[in-house]
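Please consult the sequence and the coordinates while working through each solution.

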Amino acid sequence: MNSPAPDQSCFCFPFIQRTNPFVPRLNFYSCVLLVATFLSAETIFAADAAIDDSIAPCAHETPEQHDARMAWWRDARFGLFIHWGVYSVSAGTYEGKRIDGIGEWIMNHGKIPMAKYQAYAKEFDPTNFNAVQWVKLAKAAGIKYIVITAKHHDGFAMFDSKASDWNIVKATPYAHDPLKDLAAACQKEGIRLGFYYSQAQDWNNGGAVARGRWDPLQSHDMDDYIQNIAVPQIRELLSNYGTISVLWFDTPVDMNPAQAEKILPLLKLQPGIIYNDRLGGGFKGDTETPEQHIPATGFTNRDWETCMTINDTWGYKSYDRNFKSTETLLRNLIDIASKGGNYLLNVGPDSTGVIPPPEAERLLQIGQWLKVNGEAIYGTTASPFGEELGPATAQKDGYAHEQLMSSAWAWRCTKRVTPVGVTLYLHIFEWPKNGTFLVPGLKHEVADAYLLKPNIFGGHKHLHTTIGADGLTISLPATAPDKIASVVVLKINGPLESQIKNLYDNNEKTGRRAFFNGSGQSNVWGESNSLVAGFGTARPGGS
Ligand code: FHN
């Protein structure tokens, strides 16, 4: 472990005594850099101009190579996010008081001193954790990849780390590495595995702290932290767990390009790995990551993934029962697929290692729908229409920030290009009472139209269609095949022609605004956007 001698004090923050066994060492030069970074936002942007993109993995790949690398992820459409850590012990309550906000932030929101927070680790003994069961649940839910918190902002490593003893093997009675089990189970069951890693914020190991430090023992030297904690831990994660398909960075608070450049080359340890847009330092990554909302129009030129809680917290809170209905979750998945994105839906296991039953139940219900209708989700691309979304309206996301979102919820469409033409999947949420459904603007003869859900004999009910001035009208049976979303399949020979009104065109700006929330406003960490260098702002020529 890289722990300093206990009597060292910090050059920048002389009031900080180095008594925390987990904090890394500060040196004169890193302090100067730190102060300079704090003093001037221009420092960040000046350095940003000098970013060396060639160090990014796959920096020189051709568009075809890029598509090949992203292919499995684009096909997957549905991933499972897992926020699990020592915060599941406190479960939203500190010293008898319920702490507001998301559960994994309890140390920060509750201003819990390091010593008291670290004591929770002694109660973290998840003997009910069973990686095979988790992965089987994910599979039954129709999930294709898992992203689990290897380290969240509290700095607690959910894996065996030599860089800091603040980890599940050394600091808990469990004394075991659950990520090893999960990696083995994913490998066996054919589920892709990704790691979430809080590369900048670390409230126990000397990294950045959003909203200000609250314990004098919290040291902060970003360069030292990046060098001695983030870099070695990411190396461990990308070296010791077999194939890792995704590295999911988060909250690039205080990250400058030079620090991001220390991390980026490590991704070469996993050829083909996909990383998101939250590294910081101006690197745009492979994916956009709208959080707690679905952008009105998706992103036209970037892969994107909405991450979302199943209730109102990422990490377990014993009293958060505000679970979204299966109907909402399924509509979200379909809405996202219809805009060409992925849904990364979160669960928060408790401190014994159990995924709360209401969360598991919802996942299984989604899985039942996907078993019948998965063809209309996996490997599909965005709707060729857009009219079904209604006008983009300002609504609140899960953090009460205003975002632009779709206003109409009668139906959605996904598309698959086939060797002979195009297949359209109409996901109908509001089954028409008059027995007909109009696809506005579609004037193609269809080679076949049928309900995706098979009848009791295993065949499909074929549907009559007619072309009129407004589009294609489909005759439907009186009752919906599915209570939440019934899928009608339209087979079209040859390519779709351009008379279809496509609201996705030229809408990238709108989609971005919906995600980034406008300049000068607060982001989800309560920091000014301008201090979070590069986050959410795609740099042409980035990796
Ligand atoms: O601060 C985190 C939060 O705890 C959670 O991990 C989410 C998931 O996307 N990300 C951050 C906020 O953007």
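A polar contact is a pair of N or O atoms within 3.5 Å; within protein, one must be able to donate a hydrogen and the other to accept it, and residues adjacent in sequence count only if both atoms are side-chain atoms. The model is predicted, so local features need pLDDT of at least 70, side-chain atom pairs count only at pLDDT 80 or more, and totals for chains, interfaces and linings use all residues. Residues are numbered from 1 along each chain as its sequence is written, and side-chain values use heavy atoms, without hydrogens and water.

**Exercise 1.** Identify side-chain N or O atoms that approach the ligand, and state how much of the ligand is buried.

*Solution.* Step 1: a nitrogen atom of the ligand lies 2.5 Å from a side-chain N or O atom of Asp-250. Step 2: for an oxygen atom of the ligand, the distance to a side-chain N or O atom is 2.7 Å at His-83 and 2.7 Å at His-153. Step 3: the protein buries 99% of the 330 Å² that the ligand exposes when taken alone (Shrake-Rupley method, 1.4 Å probe).

**Exercise 2.** Is Trp-314 buried or exposed?

*Solution.* Step 1: buried means under 20% relative accessible area, exposed over 50%, partly exposed in between (1.4 Å probe, protein chains only). Step 2: at 3%, Trp-314 is therefore buried. Step 3: its side chain also makes a polar contact with that of Tyr-399, at 3.0 Å.
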